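Walk me through this structure, please.

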Amino acid sequence: VTKVPDENNAILPIGHWKVFMEVAGQNIRRRTLELMGDKYGIWFTPEEKDRLQVVGAFGVPVQNLKSFIAMSGDERGKPGAQTGIPADSTDNQLYEWIYQARHAVKELNNADMRISIKGDSKEEYPAIKKVVDILQKQKMNKFLLITSAEGGAPSE
């Protein structure tokens with residue numbers, strides 16, 4: 001059994017064919033959000049950055065991130081509130097989240113980010129394969145695969 005590292009780590013939970021992301025470390029989450037805002041031309045207020053710093057895993061398109069951040073924890077946990085991070089060939093935001101988080105870890109901690117993919121390997125295989133393909137496009141060939149008896153979207 002390998003323990004998932006606490007720092008410089010991102011976990012990509014997969015549930016119901018949706019991909020989510022959780023980046024360890026509040027400073028890393030904040031910097032990743034700033035970098036994503038720069039990439040997509042979205043300006044986040046200091047309050048929005050503070051609010052996202054304390055959110056665990058999330059899964060919404062970047063265009064919906066401001067409204068997601070404004071939600072209460074209960075609202076974020078409701079079915080349908082998180083549609084997953086787009087990861088298809090026409091809108092591969094997951095690629096950018098991973099890339100920008102890796103940049104943030106390198107910038108702030110001078111370390112390489114580790115990735116863990118969490119899902120039921122049988123039921124979620126196509127989604128897991130998509131994530132692995134994205135990682136390989138970034139020349140990341142080492143990652144942890146965490147499987148469980150039940151997949152599922154993250155809860156608050």
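**A guided tour**

Trp17 lies in the loop between β1 and β2. Helices (H or I, at least four residues) and strands (E, at least two) are DSSP runs, numbered from the N terminus. This is a predicted model, in which local features need pLDDT of at least 70 and side-chain atom pairs count only at pLDDT 80 or more, while totals for chains, interfaces and linings use all residues. Residues are numbered from 1 along each chain as its sequence is written, and side-chain values use heavy atoms, with hydrogens and water left out.

Stay with Trp17 for a moment. Its phi is positive, about 65°, although Trp17 is not a glycine. Most residues other than glycine have a negative phi. Trp17 counts as exposed, because its relative accessibility is 54%. Here buried means under 20% relative accessible area, exposed means over 50%, and partly exposed is in between (1.4 Å probe, protein chains only). Asn110 also calls for a look. This residue is found in the loop between α5 and β4. Its phi is positive too, about 50°, and Asn110 is not a glycine. With a relative accessible area of 64%, Asn110 is exposed.

Now step back to the whole chain. The protein chain has six helices and five strands. Along the sequence they follow the pattern β-β-β-α-α-α-α-α-β-α-β. Of the 156 residues in the protein chain, 43% are buried. Contact means heavy atoms within 4.5 Å. Among contacts in the protein chain with a separation of 6 or more, 67% are between residues 24 or more positions apart. The accessible surface of the protein chain comes to about 8,600 Å² (Shrake-Rupley method, 1.4 Å probe; for residues, only the protein chains shown count as cover). Carbon and sulfur atoms hold 49% of that surface.

Next, go inside. A nonpolar core is a set of buried Ala, Val, Leu, Ile, Met, Phe, Trp, Tyr and Cys residues joined through side-chain atoms within 4.5 Å. The largest one has 38 residues. Those with the most contacts inside it are Met21, Leu65, Leu94, Ile98 and Ile115. The elements that give two or more residues to this core are β1, α1 (26-40), α3 (65-70), α5, β4 and α6. Take Ile115 as an example. Leaving aside neighbours within four places in sequence, Ile115 is in contact with Asn9, Ala10, Leu12, Ile98, Leu135, Met140, Phe143 and Leu144.

Which residues of α6 are buried? They are Ala127, Ile128, Val131, Val132, Ile134 and Leu135. Seen down the axis of α6, these buried residues fall within an arc of 160°, so they line one face of the helix. The arc is that of the directions from the helix axis to the C-beta atoms. What covers them includes β1 (9-15), β2 (18-19), α5 (93-109), β4 (114-118) and β5 (144-146). After α6 comes Lys139, whose phi is positive, near 60°.

Finally, look for charged pairs. A salt bridge is a side-chain nitrogen of Lys or Arg within 4 Å of a carboxyl oxygen of Asp or Glu. A search of the whole structure finds eight. One of them is inside α6, where the side chains of Lys129 and Asp133 meet at 3.0 Å, N to O. Lys129 and Asp133 are four residues apart, about one turn of the helix. Lys129 is partly exposed at 39% relative accessibility, and Asp133 is partly exposed at 30%.

Glu34 forms a salt bridge with Lys49, with the closest N and O atoms 3.2 Å apart. Glu34 is in helix α1 and Lys49 in helix α2 (residues 46-53), 15 residues apart. Glu34 counts as partly exposed at 22% relative accessibility, whereas Lys49 counts as buried at 16%. Arg31, Glu34, Lys49 and Glu107 are linked in a network of salt bridges. Lys39 forms a salt bridge with Glu96, with the closest N and O atoms 3.8 Å apart. Lys39 lies in helix α1 and Glu96 in helix α5, so the pair ties together parts that are 57 residues apart in sequence.
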